Amino acid sequence: MSGALEIFATAGFWPAALIAAAPLLLAALGALVCGRAGVLNLGAEGLFIIGAVAGYLATQRAGTPLAGAAAALAIGATIGLLHGILVSPFGLPQATTGLAVTLGAAGVAQFLAGPSVTGSARALRVETFPPVYLPSLPDLARGEDAILVARAAIDLLRVPAAVYLTFVLAIVIAYMFNRTPLGLALRACGENPDAVTTQGRSVHRLRIGADMAGSAMIALGGALFVLTGTGTLSFGVINGRGFVALAIAVAAGWRPGRAFVAAIGLGIADAYQARLLQLASTTTGELALLVLLVLALLILAATSRNVHWRQIFGRQRAVRRTPAKR
Amino acid sequence: MIRFEKRGAPLALEIAAPVLAGLAAAVLTPATLALLGYPARSAFAVMASGAFGSGAALSATFAMAAPLMLTGLASLLSFSVRLNNLGAEGQLLGGALAVILLGTVMARVPAPLVIIIATLAGPLVGALMLAGPVAMKARLGTDETVATLLLNMIALIGIAAATGTALAAIAPTGAQQTFALPAALPSSGLGMTARIAIGLMIACLVCIAAMAVTRYTVTGFVLRAIGGNPTAARFAGIPVDRIQLTVGAVSGALAGFAGAALALGFIGGAGGITAGLGYAGIAVALLAGRWPLAVIPAALFVAALITGTQALSRAAGAPLALADIAIALTLLAAPAAAALSRYSIRIVRAIPPAPSAPPAGSPTPNAT
């Protein structure tokens, strides 16, 4: 029992938790941006996978993880553009279209990764984002407890800069939604599209834009999973995380702050069970995913009273009904 | 000037739309393969012979069609009462998982008893896996789409753990991912042809029964009322939540039964559970539209599309995930065609004159 608790104090546990949380948070933020604008992005799973594959391959070719991030952003935005056009102006059903994106993108990802990849880890490591450099504390004789605490704090901060940027992005997105005209317009797209039309803005354009930005973020989340993590490609570990991110966004009631809390919680759970498995000396990623999925489902069930889901997605028809009269 | 005008689709067009959608998916799949840089020469011939060309190909297609009919009908039923249930995959795997676990636990119980219990347990698990999210939707307002998707993944992990296979969460659609069954399970000792025939017979009978219920009974009328307008149905005194729960349970039970029957090996060709049948079932439901009977040809088509695509990817040396892409294309093409069939294209000659300013005080026509 004490061993189970000591995991929290092991070296590198908290950085591992933050590193596990960041891709989930980024993808959840992407799903949230889409969702706020009234697009339920069920393509999240496929976008996360193809982002991971694109990030891995581009990093392998170019030798820098920045290229991987750029590739993931580009491919995510492209898929988001297609999905947005299909869902918004053409009005295809969101659930099945999103599922098609997931199946299609995951299928294409298998092609990109090559026929040889069959769910096992790709042994070849690519360069990853390095953790930020922080000087270690000098050894002092006195005040050992304080030093231990300070060390733990510094330890906590020793993660790649991309992880920090993700956390900053959550704040930026929260600010954008709550304090800017663009955010207001996007929220109105989800909650009252007629109001947006009345303002003379195009609901379709805003939704496509949100879909592009959100999908790019989800794909980047997939890339970060590889490029801040092990630097290897393994479908067995990646699969399912896109859905988890989507569940975070839904359970958070499409609010960035709550998504942050949920993602950190799931990151801790992920890192914890990874350590637990190390202790048990089994190296399977399945339990990780199972824990994440069950937690996401529980969060979803527990928070659904607070989610103004129907407010967002109950008003879909209003847009389709709006005729293009001159 | 070309104008698109909305109108109800005539019956002929409503039938033609899914046919065209299926053709579009069949054409776009090899096109995607070529786009991804693989040889797609004489792709249609390869696909056709892979689906129908030989006895083995035909039996593979028909073997896949039976579970597809069940998952397709399951999805169609839940769509028909406005349940966004994307969980047929998980319910199928859940039903199969129940059989596998029961087979392992009841190794000493006489085989016929195991078969009976397992055949009942599979649908029960499937029903619970959809009734749960639907009840949560009614009581808590949980979104059932995301909940069912998460349950899909959970069921897949469960089955991977139970059978000791490597996990590939979105496994390629089709036969590739066949999970081994524990040896303790009583094999029903049926021949391949018998299994295929039994599967098709059961599935077709279920589809016909569903068609009869939805078309010719009061229950069917109630279902159509909910599908047409849930709010109006609620005001008319129909207990919408309860009926959605019942239909959800039936839908889940159908998918769960498919999984159990596959795991027990009395439907399906080679035996064993195949990944992706639930997602492909959604494509079947979209092609079938609002007719349960149309699930039969739609499932046959999707089964042929999958086996044909598998033959194509084998011939081109490409990953089997091509079948997933084919299903994705069908999922896009079917609603797109249905939406297009609801518009008529009219060519308008004259440019309409600019509207004269309405007299002050009069209500503006067509205020939007």
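Is Val250(A) buried or exposed? Select that residue to begin the tour; bear in mind that this is a predicted model. Val250(A) has 27 other C-beta atoms within 10 Å, and because 20 or more count as buried, Val250(A) is buried. Color its helix next: Val250(A) lies in helix H12 of chain A.

Now bring in chain B. Where the chains touch, 44 residues come from chain A and 42 residues from chain B. On the side of chain A, select helix H5 (94-113), helix H11 (235-238), helix H12 (241-251) and helix H14 (286-303), the elements that each give two or more residues. Coloring the side of chain A by class gives 29 nonpolar, 12 polar and 3 charged residues.

For the last stop, stay in chain A and select helix H2 (residues 13-36) together with helix H7 (residues 161-179). Their axes come within 9 Å and cross at roughly 25°, so H2(A) is roughly parallel to H7(A). The crossing is left-handed. To view the contact, show side chains on H2(A), including Leu18(A), Ala22(A), Leu29(A) and Arg36(A), and on H7(A), among them Val163(A), Thr166(A), Leu169(A) and Phe177(A). By class, this helix pair brings 13 nonpolar, 1 polar and 1 charged residues to the contact.

Key: Residues numbered from 1 in each chain as written. Chains lettered and ligands numbered in written order. Predicted model: local features only at pLDDT ≥ 70, side-chain atom pairs only at ≥ 80, totals over all residues. Axes fitted to C-alpha atoms, helices over the stretch in contact; angles between N-to-C directions. Helix = DSSP H or I, 4+ residues; strand = E, 2+ residues; numbered from the N terminus. Parallel < 35°, antiparallel > 145°, perpendicular 65-115°, else oblique. Left-handed = near helix turned anticlockwise from the far one by under 90°. Contact = placed C-beta atoms within 7 Å. Nonpolar A, V, L, I, M, F, W, Y, C, P; charged D, E, K, R; others polar. Buried ≥ 20, exposed ≤ 12 C-beta atoms within 10 Å, placed from the backbone.
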